[in-house]
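This report looks at a protein model through its pockets and its aromatic rings. Please keep the sequence and the structure in view while reading.

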Amino acid sequence: HREIQAVFLISTRNPTLTVGLFSMLFFPGVLLHEFSHFLMARILRVRTGGFSVIPQVTGDGRIILGYVETAPADWARDSLIGVAPLVAGGLFVAYAATYPLHLLSLWQFIQNGQTELFFMGLNALPSVNDFPLWFYLTFVVSSTMLPSASDRHAWTPLAVWVGVILALALFAGAGPW
């Protein structure tokens with residue numbers, strides 16, 4: 001993302017305009033990211049506070065594109081709230097690739113060794129209905145679906161518990177899977 005910010009800053013020479021352009025570019029992805037946190041928190045009955053998709057510049061120059069405030073919860077619910085954007089973004093990208101963009105047929109051509117058909121399909125891709133829109137949405141959603149550091153804060157206890165459970169399963173004789 002820093003490269004895109006740099007291009008905007010060099011082009012406009014205006015930090016405020018750069019933040020505005022950058023946030024508008026990624027708005028659909030940020031909205032899905034923050035809404036997935038919010039929805040998961042509500043599903044898990046964790047209280048939510050503030051919700052924003054208005055960009056804020058921090059003291060060290062970073063841009064926060066959005067946030068959802070949630071009440072402290074146990075590590076399991078915090079982990080699920082934190083991973084929600086990755087799941088929602090992954091589902092959106094899978095949907096866009098499978099249905100509007102028809103990329104599944106390209107994958108099948110590769111699997112079958114039909115490279116000529118693959119390249120024909122790849123060349124025809126821009127003629128898909130609303131291709132620029134779906135390409136843009138896939139780009140911004142995939143660029144904003146990764147959990148931030150604050151989204152991952154509860155993942156250490158989760159990783160420890162998963163490791164303990166796997167170790168117990170192996171010790172109990174689960175063997176090679």
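## Basis of the model

The structure is a predicted model. The values in this report are computed from it.

## The largest pocket

The largest pocket has a volume of about 1,100 Å³. Its lining is made up of 34 residues, and the closest to the pocket centre are H33, I63, I64, G66 and S148.

Which elements each supply at least two residues of this lining? They are helix 1 (2-12), helix 2 (15-43), strand 3 (63-64), strand 4 (67-70), helix 3 (75-98) and helix 6 (131-144). Helix 2 gives the most, with 5 residues. Sorted by class, the lining of the largest pocket has 14 nonpolar, 14 polar and 6 charged residues.

## The second largest pocket

The second largest pocket has a volume of about 160 Å³. The residues that line this pocket are R2, Q5, A6, L9, P15, T18, V19, V57, G61 and I63. Helix 1 gives the most to the lining of the second largest pocket, with 4 residues.

By class, the lining of the second largest pocket divides into 6 nonpolar residues, 3 polar and 1 charged. I63 is listed in this lining, and I63 is also among the residues closest to the centre of the largest pocket.

## Aromatic pairs

How many aromatic pairs does the model contain? The count comes to 10 aromatic pairs. One of them is formed by F92 and W134, with 6.1 Å from centre to centre and 25 degrees between the planes. This pair counts as stacked, because planes under 30 degrees apart are classed that way. F92 lies in helix 3 and W134 in helix 6, so the pair ties together parts that are 42 residues apart in sequence.

Are the two partners buried or exposed? F92 has 21% relative accessibility and counts as partly exposed. W134 has 17% relative accessibility and counts as buried, because buried means under 20%.

F92 and W134 also belong to one aromatic cluster, which they form together with Y95 and Y99.

Notes
Residues numbered from 1 in each chain as written. Predicted model: local features only at pLDDT ≥ 70, side-chain atom pairs only at ≥ 80, totals over all residues. Heavy atoms only, no water. 1 Å grid on protein atoms, 1.4 Å probe; cavity = no way out; pocket = protein on both sides within 12 Å on 5 of 7 lines; lining within 4 Å. Points joined across faces, edges and corners; volume = space filled by probe spheres on them. Nonpolar A, V, L, I, M, F, W, Y, C, P; charged D, E, K, R; others polar. Phe/Tyr/Trp six-rings, centres within 6.5 Å; stacked < 30°, edge-to-face > 60°. Buried < 20%, exposed > 50% of the residue type's maximum accessible area, 1.4 Å probe, protein only.
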